[in-house]
Amino acid sequence: MNGIMIQGTSSDSGKSFIVTGLCRIFADKGMRVCPFKSQNMSNNSCFTRDNLEMSVAQAIQAQAAGLTPETFMNPILLKPTHEKSSRIILNGREFTRSAEKNFYYHEFTETHGIKAVREALSYIQEHFDAVIIEGAGSPAEINLNAHEIVNMRVAREADVPVVLVADVDRGGSLASIVGTLELVGADRERVKGIIFNKFRGDINLFTDAVTWTENYTGVKVLGVVPYARDIKIPAEDSLSENGISTGNFDSRTFDEMAKLLAQSLDIDFITELVHHEGTMPPRL
């Protein structure tokens with residue numbers, strides 16, 4: 001299907017921010033673009049117009065794309081109850097109140113989980129021009145890869161290229177990129193771009209890092225995004241009361257995010273990645 005997947009070298013690398021901004025950019029181009037995250041782990045949730053529960057992050061991304069939030073954009077929501085168990089929200093409704101992680105990773109993902117992911121992707125492919133998929137954590141968590149349904153497995157299911165996002169602000173971004181590419185195995189060929197995110201200071205000082213990364217990995221760096229101190233969206237992983245409402249999120253914030261990404265990234269190249277099947281809508 002037409003689309004792209006944004007994965008990170010770590011949690012909090014800025015995946016949600018990048019997906020939200022890209023949704024706005026492509027929606028402004030006239031594209032029917034849909035955000036998607038197969039599985040989200042957060043106690044920060046909201047309700048759809050049908051009173052179904054989903055992640056705030058994907059609800060906000062939907063608003064950025066000019067859409068009404070729907071649970072097919074986030075079919076699985078895990079709401080931690082303590083360190084070893086979570087409530088599972090499947091397609092907006094509670095599947096089980098307290099599921100231990102062994103149950104989730106060894107039983108649920110291979111039955112109800114992957115079925116929900118496939119059904120959601122099929123619906124999106126039928127009703128939208130393209131999908132912008134958000135991964136979770138890092139695709140290099142080899143202890144989870146056998147049963148994961150949120151990173152490279154989803155990229156394979158959707159057959160979309162992957163862009164890897166690294167957080168410069170936390171340090172070690174070059175090592176995290178190289179390490180991630182080493183650990184994703186055959187899926188390395190699916191990674192078509194790299195984004196350095198949350199850069200502070202003189203961007204010219206990072207030129208050598210960009211050149212080295214492209215030469216060493218053979219993967220194109222799509223841009224360096226400055227640290228967006230003044231652009232705020234609700235934190236995906238913050239613990240908060242259940243059922244908060246996103247309300248009418250200020251569209252000016254989406255415009256600011258889109259402007260920042262348009263100035264920082266190779267949007268033409270990303271557009272080509274999104275339409276890798278060669279079916280770009282004529283209106284674009």
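The side chain of serine 42 reaches the backbone nitrogen of asparagine 44 at 2.9 Å, a polar contact being a pair of N or O atoms within 3.5 Å in which, within protein, one atom must be able to donate a hydrogen and the other to accept it, with residues adjacent in sequence counting only if both atoms are side-chain atoms. This is a predicted model, in which local features need pLDDT of at least 70 and side-chain atom pairs count only at pLDDT 80 or more, while totals for chains, interfaces and linings use all residues. Residues are numbered from 1 along each chain as its sequence is written, and side-chain values use heavy atoms, with hydrogens and water left out.

**Chain overview**
- The chain has eight helices and twelve strands, which are DSSP runs numbered from the N terminus (helices are H or I with at least four residues, strands E with at least two).
- Of the 284 residues of the chain, 56% count as buried, meaning under 20% relative accessible area, whereas exposed means over 50% and partly exposed lies in between (1.4 Å probe, protein chains only).
- Among contacts with a separation of 6 or more, 75% join residues 24 or more positions apart, where contact means heavy atoms within 4.5 Å.

**Serine 42 and cysteine 46**
- Serine 42 lies in the loop between strand E3 (39–41) and strand E4 (45–47), and with a relative accessible area of 2% serine 42 is buried.
- Cysteine 46, which is found in strand E4, is likewise buried, at a relative accessible area of 3%.
- Between cysteine 46 and proline 69 there are 9.6 Å in space, C-alpha to C-alpha, and the two are 23 residues apart in sequence.

**Packing of helix H1**
- Helix H1 (residues 15–28) packs with helix H8 (residues 267–274) at an angle of about 85°, their axes 12 Å apart; axes are lines fitted to C-alpha atoms, for helices over the stretch in contact, and angles run from 0 to 180 degrees between N-to-C directions.
- H1 is therefore roughly perpendicular to H8, a class that covers 65 to 115 degrees, with angles under 35 counting as roughly parallel, over 145 as roughly antiparallel and the rest as oblique.
- On the H1 side, Leu22, Ile25 and Phe26 meet Ile267, Ile270, Thr271 and Val274 of H8.
- H1 and helix H7 (residues 251–264) pack at about 95°, with their axes 8 Å apart, which makes H1 roughly perpendicular to H7.
- Residues making the H1–H7 contact include Phe17, Leu22 and Ile25 of H1 and Phe254, Met257 and Leu261 of H7.
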